[in-house]
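Good morning, everyone, and thank you for making time for this.

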Amino acid sequence: MRATIVLALAGAIAGGANLTISGVNRAEFWAFLDTLLTEGDADTLVHATHMEDKLDLNVRYGDLKGQLGMFLYEPSKPWVGGREPLRLLDYTIAYSPKRFEVLYGKFFQSFGKGLALRTYSDDDFRHYKSLHGLRGTASLPYRTDVVAFGARMRDIFFQENVYHVMNFDDTTDQVYGANLASRPVTWGGFGGRYVRINGDDDLASNGFTELYGGDLTLSFGPIEVYGEVCQRMGTKPIIGGRERGIGYYATGTFAMGWFSLLGQYMDYDKLGFPDKVYEAKEYRYNDPPTPIKSGVAMNRGVDERGFGVVATGTPIQSLYLEADLGRLYTHDDSSAGVVEWEGKARYNPVAEWTFEAYFNHMLQRNVELGTYNRVVDKPVVHVNYLVGQHTFAFEGEVGLVDERSTRGDSWDYLETALALSYGYGEALLFTLGIQHVDVELQKRYNGETFWPMFEAVWSITHRNMLRVRVGAERGGYTCSGGVCRDEPPFRGIKAQLISRF
C-alpha cells in the first residue's frame, strides 16, 4: 500500500512537471594570413585557419536544472607560440525550488561590485571566467539572499588570435566564498562578503589570501548612493608575512525629469589578486570597476584611484545629450594615468532620420607596454535613414593620434574609418567599410596602412543568424571592463553562425 502511494505521488509530480530545453550555439571559421616567427627570426605571413564552436545547453524539469557547455577551439598547425587546441566539456546540475538552490558544476558568481569576486562570460570580448564546484543559495525573508560556495576558477581569454587559459598554472587553487545581500526596506539595504583563496604557492598553511568587506545602499527620492569597502589579507611573496590591501568604491545617482547624473569614486591599494606587480599573473579573482568608459584600467585594483561623472538628458523629445568624464591614476599621481572625456548628441527630427555625433578624448600614460604617452582625439558621425523595409546608414570617424614610446620615439598620425550599410527589414544587412592610417606603424599595425572590408549578415530565421566578413581589419588596443589586449591586423574571411533553440 505504501509503495503504491509513493509511486502515485511520484507519477503525479512527474506528470505535473514541464520539460524545457533551450540553448545557443556559436560556430566560427576563419581563413586568414597570420604572422609566425620563423627559425630565421623573420616575420613571415602564412595561411592559417581558426575553427571554434561554443554550445550552451539548458534543461529544466520541475525543480531540477541542468546545463551542458562545450567549447572547441582548433587552430591550424604549426602549433607554436602558444597556438594550441582547446577542448572543454562543462556541466551543471542543480536542485532549484522557489526559495533555495543547490548547484554542482560550472557557474558564474560576482559579489557586490566585484571588489572581492567577479566571474562572467563575455562573448563579444571572448573572455570566459568561470567557477567550478559546489554552490548553495537561499532567498530569505525581507528580500535577503545568501550565497556560499567552494570551487576552482578557470579564466579563458582570446588574444593574439589564440585562446589561452590564463590561470593554467593555478587551476588547482581553492576558492571559498560567502555573500549576504539584503534590502529590508525600500530606502536602504546592505551586504557583506568573504572570499578565501588557497594556493599551492602559499608559504604556509596560514598563508592563504582572503578578501572581505561590505556595502551600504541608501535612497532618498531621486537620489541613491552606494558604498562598498573590501580588504585583502595576503602573503608577501618570497619573504612571507601578512600583506594588507584595501579598496573603496562609491557611486551616487540623481534622476529627475529629463536629466540624470551619475558620479563614481574608487581607490584601490593592493586590492587586485593575484598581484600583477609581484606575480606577473594577468588573471584576477576580483575585478573592481573602472570609471573609464572605454574600459581601460591601470592595473585592475593593484594601485589605482579615480573618479567618473556621467550626465544625460533629453531636453526635448527628439534630442538626447550625454557627457562623460573619467580619470584613473596611480597613488603617486605622476608615473601613470588615464583621462577620458566624451560629449554625445543624438537627434531624431522625424521617425525616418537619426543623426548622432560624438567627440572622444583619451589620454593614456604608461598603460600600454612600451608606450609612455598616447593621446587620441576622435570625432565620430553616424547617420541612419529608414524608408519602408529599407535602412541606409553611414558612419565616419577620424582619430588624431599623438604617441610617444618609452624609448623616446614619437609618431603623429591619423586613423580614419568609414562604413556604408544597407539593410532590408530584419533579414539582411550589408556593410562596406574601409580603415586607413596615414603612417606606416610597425609596432601597432605591422606596417600596414589600408584595410577594406565587406560584411553580410543574414537572419535566416529569428533563431539563426549567419555573418560573413571578407577583407581586412585594423586591430589595435581594445579594452572591456578593465581587461585589455592588442588585436593584430586581420586579412582573410570570417564566417559565424549563431543558432538559438
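I will begin with confidence, then go on to the strands, the cores, and a few individual residues.

What you are looking at is a predicted model, and the mean pLDDT of the protein chain is 90, with 91% of its residues reaching 70 or more. There are stretches to treat with care, however: over residues 1–15 the pLDDT is below 50, and beyond near neighbours in sequence this stretch has one contact in the model. The pLDDT is also below 50 over residues 37–42, a stretch with four contacts beyond its near neighbours in sequence.

Let me turn to a group of strands that pair with one another. Strand E9, which covers residues 127–140, pairs with E5 in the antiparallel sense over eight bridges, and within that pairing Tyr104 has Leu134 of E9 as its bridge partner. E9 also pairs with strand E8, residues 120–122, again in the antiparallel sense and over three bridges, with Ser121 standing opposite Tyr128 of E9. The hairpin of E8 and E9 has four residues between the strands, and there Arg126 takes a positive phi near 55 degrees.

E9 is also joined to E10, through 14 bridges, and these two strands run antiparallel; Ala138, for instance, stands opposite Val146 in E10. In this hairpin, with three residues between the strands, Tyr142 takes a positive phi near 60 degrees. Arg143, which is placed in the loop between E9 and E10, likewise has a positive phi, of about 50 degrees, although it is not a glycine.

Which residues touch the most other members of the largest nonpolar core? They are Phe149, Val195 and Val338, in a core that has 35 residues. Strands E5, E10, E13, E15 and E17 each supply at least two residues of this core, and the largest share, four residues, comes from E10. Apart from this core lies another, of 13 residues, among them Ala48, Phe71, Ile156 and Val162. To give a sense of the surroundings of Val195, its contacts beyond four places in sequence include Phe111, Leu117, Val175, Tyr176 and Leu211.

The side chain of Arg26 reaches the backbone oxygen of Asp123 at 3.4 Å, and, leaving aside neighbours within four places in sequence, Arg26 is in contact with residues including Glu52, Asp53, Arg126, Tyr128 and Gln496.

Beyond its neighbours within four places in sequence, Thr312 is in contact with Trp258, Phe259, Ser260, Tyr320, Leu321 and Glu322, and its side chain makes a polar contact with the side chain of Ser260 at 2.3 Å.

How many disulfides does a search of the whole structure find? It finds one, and this disulfide joins Cys479 to Cys484, with an S to S distance of 2.0 Å. The torsion about the S-S bond is about 110 degrees, so the disulfide is right-handed. Cys479 is buried, with a relative accessible area of 13%.

I will finish with some details of the backbone in the loops. The peptide bond from Lys77 to Pro78 is cis, with omega near 10 degrees, and Pro78 sits in the loop between strands E3 and E4. A cis peptide bond also joins Phe273 and Pro274, where omega is about -5 degrees, and the place of Pro274 is in the loop between E17 and helix H2. Lastly, Arg300 lies in the loop between H2 and E18, where its phi is near 55 degrees, a positive value in a residue other than glycine; Arg300 is buried, with a relative accessible area of 11%.

Definitions and conventions
Residues numbered from 1 in each chain as written. Predicted model: local features only at pLDDT ≥ 70, side-chain atom pairs only at ≥ 80, totals over all residues. Heavy atoms only, no water. Contact = heavy atoms within 4.5 Å. Polar contact = N/O pair within 3.5 Å; in protein donor to acceptor, adjacent residues only side chain to side chain. Disulfide = S-S within 2.5 Å. Buried < 20%, exposed > 50% of the residue type's maximum accessible area, 1.4 Å probe, protein only. Core = buried A, V, L, I, M, F, W, Y, C linked by side-chain atoms within 4.5 Å. pLDDT = per-residue confidence, 0-100. Pairing = 2+ DSSP bridges.
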